[in-house]
Amino acid sequence: MSSKQSLHKSADLRLQVVSLSRNNSFSGTVDQPPNRRDEFKKPARIIAVTHFLPFAVSVSEETPDEPYQWNVSRRKGHTAMYAGIRSLVEDQDIDCTQLGWIGYYQDLNGNEHTCESLSDESRFNIVKALEPYHAVPVFVDKDDAHGHYEGYSKQILWPLLHYMSWSDSHPVQPKWWSSYQRVNKIFASALTSICNDDDIIWVHDYHLLLLPELIRSALPLATIGFFLHSPFPSSELFRSLPQRKEILYGMLGSTSIGFQTYSYARHFLSSCTRVLGLESSPTGIDNKGNMVAIGVFPIGIDSKSVQKRRSLPSVEIKMKSLREMFSNKLIIIGRDRLDEVAGIKQKLEAFERFLEMYPKYQNNVVLIQVTQPGQTRQPRLESKISELVTSINSNYGSLEFMPVLYHHTFLDSDEYMALLNIADLCLITVIRDGMNTGSLEYVVCQQDKHSPLILSEFTGTAGSVSGAIQINPWDYEAVAQAIDTAFSMTPEEKTVRYEQMYKHVMSHDAQYWANSFVEDLRATALAGQSNTETPCLDSALIIKDFAQARRRLIMLDYDGTLTPITNIPAEALPPPEMLVALEKLCADQRNLVCVISGRDRQFLELHLGGIKGLALSGEHGSFIRYPGGEWINLLDQMDMGWKDEVMSIFQFFTERTAGSTIEAKETSITWHFRNADPEYGEFQAKECMNHLEDSVVSKLPVEILVGKKCLEVRPISVNKGEIVKRLMGTHPEQWDFVACAGDDKTDEDMFRALRTMQRSIGKTRANSDDLSLQEPPHYFTITVGPADKKSAAAWHVTSSQKIVETLTDLAAVE
């Protein structure tokens, strides 16, 4: 067995379609032709790529001189990320390899050195020492390592991602960007040297933003996931980055991109639209024909490990000592990095206001604030914090007692656990943060006391920990009131809030986060959204399956599917042969046929309402009329007040774009620019989209649909996929044959809904004792367009005429 094979043992892990309950990702929703499925049923290895490996090496005492042997230890920091990856490595059913920079090594005196001066044999021994940990080291020279990490990553990207201008840190060095590019290329080279065709690659965080595209260039068919652990700023701020296009395209080399919160994902989508001019939806970006999935995956902590640590005897000893030190005092705990975004200054200001507003707590409350070194040294911030601590202790303290205990150093693990266990309140006032896992650790440690948590609304955790008291850290008076509220809570209210938080933290731990992302990525890979061609519809097969079926459901889009697209929508009239085919199909009691269109119900009633037995749905699922019934408004209880604001925006762009028109429907508004100058029309559409995202989409429950030469704004709860679910009914297994055809992005909702149902029904039938049900239902999802069109459909035809011909053939079946 080769050294590579011994390092990466193959596990019997098979890619499977994963049916996820989340509706914010493309994953697991794209149909595949039957002849493509087997190639995904192979053992797959996961390669987790992080800037630093979760291990550090030091020289073994057995080898004081080169070539060195090495001791391996766990690296501190990034505990949540490393815990998630470790859960994959330790899973016996998963083959997971870790790849990253080894960093600096320690000599026998504890001094750190770069690896570039090591002999080849010493480097080889590092590789061998890491083999048992399923880890592969990357070696980077000192200058590039400094320019990449200390320079571009920490001085440019980190401040920008956290809403700080890099001009506030240090002068920009051009060589930093060069180093950042080179290090990403070094990682790409190291990765491609060990990567197999069926491996799943998972890249982490802002240090490696260029890596997905570099991998994609070398391995066009690779399955690449990227997860950003930090926030992603508003497009208005991100656009100020000189290398903005390179960074965005680097990330878009991924198959799927994950963020901590929906707002971070939305900011990224907006940046891609504004900077690159790409079309996007809430769930993905069309990157030159490749659909890149966007998902939200809040990270968790290793909650089981925290539970064990909090109960150690050594922690109990620390707890006893702290209780004696602060007997009869209410303890507020805070632990942050010494950065502007940590909000330590705001916390101290609010605490001082609290003592001023509520004198009864003076001499009865202590704030224990622990800080550790931040991304960069900030003397002005350190000075300001020192002044505030001194002021509070001078005004509200005495020789016997200080209300603020400020501890600026790395805290011993036992002391930290002890503080979390005995605290009466945890106060987190960060002004911008990725996730803030400290709040989650506090929740795990409060199983006995159920003490409250005050959490800044600007943390990524705020959207997940519903039992916390959320505050705006800039509103000092409101924070002071929140502290009083927390201390005044009844035991019953504390318990109710705590149980909500505890349940979430324990069920959504680091292992859950890692598994969720990887399963989502696998499903996207199996779906084959990237770099696949959709086969041409097999006419003989669809006719055969249709003839054998007892119950048939046919769902059809109108424009571009039953009729060709025309420059003037009113001229898209149904051809006679199509009407004849629909009439014959609807006359057969075994068939249910429905036209699901973006047209309003008046148009559909006028041109198709005379066909007996035909179901109709208008305005992308807003209305439905079952055969022989009346029109049903599915949005009759929804507030349509947003339409006025959208109409004013569309009118503004119509006045400035010759040839464009507005189509106002009952539940949506569409801006058409098919007759405008092609280039200027596309330009205006992007500007209009940006304006809608800022003014409407960000604050109202609506979404923008990018169609063929048009923009449509509709309620976010409406789509053609919901109509598919209604037609399939509560027992979708009743249908032996289902055909669905469409041509644009609005029809992808139908294809995705059918794929999810097909998987569920397939499992149900496979487990049935009824032999007649064990044959899977025949589903045909058909897109109109070229073979290389990126679609969730399993088949394609080249024109609407082909759809009409297929309907005619099906209508001829006896």
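Predicted model: local features only at pLDDT ≥ 70, side-chain atom pairs only at ≥ 80, totals over all residues.
**Cysteines and rings: a quick chat**

Reader: OK, and how are the rings of Phe354 and Tyr358 arranged, what's the angle between their planes?

Author: Their planes meet at 40 degrees, and the ring centres are 5.7 Å apart. Stacked means under 30 degrees and edge-to-face means over 60, so with planes at 40 degrees the Phe354 and Tyr358 pair counts as tilted.

Reader: How many aromatic pairs are there in the whole structure?

Author: A search of the whole structure turns up 35 of them.

Reader: Which residues form an aromatic cluster?

Author: One cluster is made up of Trp202, Phe227, Phe297, Trp513 and Phe517.

Reader: Switching to charges. What sits over the ring of Tyr163?

Author: That's the charged end of Arg432, 3.9 Å from the centre of the Tyr163 ring.

Reader: And which ring does Lys329 lie over?

Author: Lys329 is over the face of Phe401, and the distance to the ring centre is 4.3 Å.

Reader: Is Cys586 buried or exposed?

Author: Buried, as its relative accessible area is 10% and the cut-off for buried is under 20%.

Reader: What about Cys115, buried or exposed?

Author: Cys115 counts as buried too, because its relative accessibility is 4%.

Note on methods
Residues numbered from 1 in each chain as written. Heavy atoms only, no water. Buried < 20%, exposed > 50% of the residue type's maximum accessible area, 1.4 Å probe, protein only. Phe/Tyr/Trp six-rings, centres within 6.5 Å; stacked < 30°, edge-to-face > 60°. Lys NZ or Arg CZ within 6 Å of the ring centre and 35° of its normal.
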